[in-house]
Amino acid sequence: MDRVLPQPTPETQHFWDGCKAGELLLQRCTDCTKSYFPPRPFCPKCGSRKVEVYKAAGTGKLWSYVINHRPRPDIGTEPHSIAVVMLDEGPQMMTNIVDCPQTPEALQLDMPVEVKFQDFGQITLPFFKPAGA
Amino acid sequence: MKQKTVAAVGAAETTELGKITDMSVIQLHADAALNALADCGLKPSDIDGVATAGLSPTELAYYLGITPTWADGTSVGGCSFMLHVRHAAAAINEGLCKTVLITHGESGRSRVGAGGGFRGGGGGSSLPGQFEAPYGPVGPPSMFTIPVLRYLKTRGYSIEDLANVAVIQREWAAKNPRASMKDPITVDDVMNARMIAYPFTLLMCCLVTDGGGAIILTSAERAKDFPRKPVYVLGTGESVETPMVSQMEDFNSSKAFRVSGKKAFDEAGIRPADVDHLMIYDAFAHLPLYGLEDLGFCKPGEAAGFIRERNTAIGGKLPLNTNGGGLSYMHSGMYGMYAMQESLRQLRGIAPAQVPGAKISVSHGVGGMFGASGTIIWSNEAP
């Protein structure tokens, strides 16, 4: 079964283009300097339209997660993490933690993680893995 | 707003509850509505305002033969009915209508005549569709639960503290003949139940059952003429935060809970210490913990101990989720209606697990995955 994939909109296309090119792109407000996610062409903090796209470091920490024991058919058959990482720039992002056992012992809150892109054809998804793994 | 001029004069659930294979969704709404109308001696033609979620108010009004001058289809998940009470109070005060019927019906288990229903998320191009769905969430059990490991770490709570919520609510359910699950359970039972989405086992997740409920509101002045003792609306609150649980501002606290709760308490002019009975929508075992803290009943970090020390249990100083809650009583999908039904039963003095002398009850609801919130403060004494 094909993986459920996002359908980009005009406001988010740059983010998915960035993933395809191996870059995690965030936006920030040039008026109030707030970094934010998910993408939109204005600042959700102050409402300014003066915003810019920039390349994030792709690093952060594991903020919270569940291990889903009833995986969706497009994901697989084994229990897997559905996580939120706190990026070093501030925004939170849902993802899967990969390249490590999908267990509470291996998935420690606050552990450093880094982005790992995986190509699914039209779309490349940003996953995260333990830093240095 | 002059919320205190409005009261609930009729309230009822569907005739049956739990597994109902012979009623479609719209008939569950109607069955509850007819029971609530009978409860207060009204006919459908006496109703001039309708509100519902899951179904459109147009479908509801047509099916029951109501010609409303006010309709509200606010649909923000399971707390929609709290928002309907709030909006209806404003509408009655403004003279837009006199007598409002609010209904819920959902064939959550049997799926008879069930269409979509609210599950959050959305299509592949919505923000949740693009930035959450690709990572494998399967509805609320694997989404609503995502902030919880962070919350437990911040507060110093354990997974057993979650299990304990389910254990104490089962004690309440044992006193309720209409509860789906009545057998006693222990913390070990909850911890050892089938894993759904770590750290949540099956017994930390709500039931999926069939049922409905309806409430009829009118001005406090007219309420005196009805057969039942009115239950007055003292204060109301509502808010929304985000359709994406991953973007919740603080994983340790719901902004929608805080905003909605504060509005309701400020409007009622009371403090948490004045509350005799509390309902906190418990789709999952963590919600009563968040609710106790975000509504001001407990300081952050004290909610788990408050429950462990049996303050919310039978005989405790703050009886909580006295019908057994979504974990043990029933959960059709949008449970907020049942939380309010139990508040109204308690204040009318007809609850199966009656809290002696309860005068003020709070019904606090959640919609989506911490996406929305509604709070209603009720009293059986005229303000």
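Reader: How many residues stand between β5(B) and β6(B) in their hairpin?

Author: One residue stands between β5(B) and β6(B), and the two strands form a hairpin. Helices and strands here are DSSP runs, numbered from the N terminus: helices are H or I with at least four residues, strands are E with at least two. β5(B) and β6(B), residues 200-201 of chain B, pair in the antiparallel sense over two bridges. Two strands pair if DSSP finds at least two bridges between them. The bridge partner of B:Ala197 is B:Phe200 in β6(B).

Reader: What kind of model is this, and how are residues, chains and ligands labelled?

Author: This is a predicted model: local features need pLDDT of at least 70, side-chain atom pairs count only at pLDDT 80 or more, and totals for chains, interfaces and linings use all residues. Residues are numbered from 1 along each chain as its sequence is written, while chains are lettered from A and ligands numbered from 1 in the order in which they are written.

Reader: Which strand of chain A pairs with β5(B)?

Author: Strands of a sheet pair through backbone hydrogen bonds, either parallel or antiparallel. Here β4 of chain A, residues 59-68, pairs with β5(B). The sense is antiparallel, over two bridges. A:Ile67 stands opposite B:Tyr198 in β5(B).

Reader: How many residues does each chain bring to the contact between A and B?

Author: Chain B brings 27 residues and chain A brings 31. Contact means that C-beta atoms, placed from the backbone, lie within 7 Å. On the chain B side, α4 (127-131), α5 (148-155) and β5 (195-198) each supply at least two residues. That side has 15 nonpolar, nine polar and three charged residues. The classes are simple: Ala, Val, Leu, Ile, Met, Phe, Trp, Tyr, Cys and Pro are nonpolar, Asp, Glu, Lys and Arg are charged, and the others, Gly among them, are polar.

Reader: At what angle do α3(B) and α13(B) pack?

Author: Two packed helices are described by the angle between their axes and the distance between the axes. Axes are lines fitted to C-alpha atoms, for helices over the stretch in contact; angles run from 0 to 180 degrees between N-to-C directions. Helix α3 (residues 80-94) and helix α13 (residues 336-348) of chain B pack at about 60°, with axes 7 Å apart. The two are therefore oblique to each other. Angles under 35 degrees are roughly parallel, over 145 roughly antiparallel, 65 to 115 roughly perpendicular, and the rest oblique. B:Ser80, B:Phe81 and B:Met82 of α3(B) meet B:Gly336, B:Met337 and B:Met340 of α13(B). Four of these contact residues are nonpolar, two polar and none charged.

Reader: Where do α9(B) and α10(B) touch?

Author: B:Phe257, B:Arg258 and B:Gly261 in α9(B) meet B:Tyr290, B:Gly291 and B:Asp294 in α10(B). The contact has two nonpolar, two polar and two charged residues. The axes of α9 (residues 255-268) and α10 (residues 287-294) of chain B come within 9 Å and cross at roughly 50°. This pair is therefore oblique too.

Reader: How many residues of α10(B) are buried?

Author: Eight of the eight are buried, so α10(B) is largely enclosed by the rest of the structure. Buried means 20 or more other C-beta atoms within 10 Å of a residue's own; 12 or fewer is exposed, and in between is partly exposed, with C-beta atoms placed from the backbone. The cover includes α6 (159-173), α9, β9 (277-280), α11 (303-308) and β10 (360-367) of chain B. B:Gly296 follows α10(B), with a positive phi near 95°.

Reader: Which residues of β6(A) lie on each side?

Author: In a regular strand the side chains alternate between the two faces of the sheet. A:Gln92 and A:Met94 lie on one side of β6(A), residues 92-95, and A:Met93 and A:Thr95 on the other. All are buried, and both faces are covered. Four bridges join β6(A) to β5(A), residues 80-87, in the antiparallel sense. A:Met86 stands opposite A:Gln92. The two strands form a hairpin with four residues between them, and A:Gly90 in the turn has a positive phi of about 120°.

Reader: Which strands stand at the edges of the three-stranded sheet in chain A?

Author: The order is β2-β1-β3, an open antiparallel sheet. β2 (35-36) and β3 (51-55) stand at the edges, each with a single partner strand, so one side of each is left without a neighbour in the sheet. Five bridges join β1(A), residues 25-29, to β3(A). A:Gln27 stands opposite A:Val53 there.

How values were computed: Contact = placed C-beta atoms within 7 Å.
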